[in-house]
Amino acid sequence: MIYLDNAATTKPCRAAIDAMCSAAEEFGNPSSLHGMGLRAEKLITAARDTLAKMLGGDRKNIYFTSGGTEANNLAVFGTAHRLAKQGRRVITSEIEHPSVIEAVHRLGEEGFDTVFADVDGNGRVDTEKLAASLTPDTIFVSVMHTNNETGVVQPIEEIAAAVHEKCPKAIFHTDCVQSFGKMPVNINRLGADMLTISAHKIHGFKGCGALYMKNPRITPVLYGGEQQSEIRPGTENVGGILAFAAAAAECGCDTEEFRRKRGLMKRRLSERLDFIRFNGSDEHNSGSVLNVSFLGIKAEILLHAIERHGIYVSTGSACSSHKPQPSHVLTAMGLDGAAVGGAVRISFAASTTDEEIIFAAEKIADEAETIKRYM
Ligand SMILES: Cc1ncc(COP(=O)(O)O)c(C=O)c1O
């Protein structure tokens, strides 16, 4: 098997599996007052430390959630509802993950004034245009760090600076689900007030993520428990959290190596095929994702053809694959129907080898040529 769908999810690493198994042995509830509970709580505190250090922050500011989706929802709703008396404008971008876009749409239905900043043909948010939409009424801005469909890294530092300069009371959130563990993510260097991370994208388990908040001032989304200062109540997913920290500690964040692998795949495909186009900026790319359109081919047909060789990729993002819709990200970048319909996402892990890339590129090119002949 050659697994090249790491933006959808990753294989749990040995350290994560061991951590999960240790939590099954040490199974106390971290809220219990007896020794078993205290031991579980101590383990969670150590996990917080590991993650907070990687983010350049403080362990008390980490709020564990059921994943990136919940953390994004908590950031959007929690902040907007808390700051609603201060202003009504909420700004995000057109290329966010649905867990931000749809939450912001919902705020629109509640009467908030919502703005969706557009992107250029390279898939980057234009800071100047976004800055022009910052009004004194703006309370929340959310722009993702790395896009999940293209790997394009957004100008977060610039956007954060513009938000803080023009709207000092507004909160700036960035979804780092696709960047954390693949490139350095430091809350202070990014200039963000909040950021989202998720375990299963970095070789941890599904169902565990976190919202880091520099200054946790939000209205909770869930009620009914004293855990995590009542900001995110509910018994903690101890195994998932320990595995998250164990997996994070193993991430090399070697962006150059990711970029080299992406470049190798790109070269191999372009040497063989003249009916492809690559989508999204090369210069501003995490290197973990290569988005390529096979013009005149339906991406899904190609995906299934290469699956016969044990090669796994995806069309667009995994979350939307069960209700096929044209990619909102590629559409926002101005791609035409043929380029959007033929787009395949190839995403790498630190463990992906050159041999795997070379073999996969050859099979993808073979199958694409065959399909093209019959179209
Ligand atoms: C950029 C981005 N944000 C958020 C999420 C949601 O994370 P989770 O699957 O942990 O809910 C994903 C998952 O695909 C993602 O790629």
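The chain folds into 13 helices and 12 strands, where helices (H or I, at least four residues) and strands (E, at least two) are DSSP runs numbered from the N terminus. Its radius of gyration is 21 Å, close to the 21 Å that the globule rule gives for 375 residues, so the chain is as compact as a globular protein of that length; the radius is taken over C-alpha atoms, and the rule is 2.2 Å times the number of residues to the power 0.38.

Keep in mind that this is a predicted model: local features need pLDDT of at least 70, side-chain atom pairs count only at pLDDT 80 or more, and totals for chains, interfaces and linings use all residues. Residues are numbered from 1 along each chain as its sequence is written.

Buried residues make up 50% of the 375 in the chain. Buried here means 20 or more other C-beta atoms within 10 Å of a residue's own, with C-beta atoms placed from the backbone (exposed is 12 or fewer, partly exposed in between).

For a local example, take helix H6, residues 156–166, whose buried residues are Ile-156, Ile-159, Ala-160, Ala-162 and Val-163. Seen down the H6 axis, they fall within an arc of 160°, so they line one face of the helix; the arc is that of the directions from the helix axis to the C-beta atoms. Their cover includes helix H5 (127–132), strand E5 (138–142), strand E6 (171–175) and helix H7 (187–190).

On to the ligand: 15 residues surround it, the closest being Gly-67, Gly-68, Thr-69, Asn-148 and Ser-198, with a C-beta atom, placed from the backbone, within 6 Å as the cut-off. Helix H3 (residues 68–83) supplies the largest share of that shell, three residues.

Technical notes: Two residues are in contact if their C-beta atoms, placed from the backbone, lie within 7 Å.
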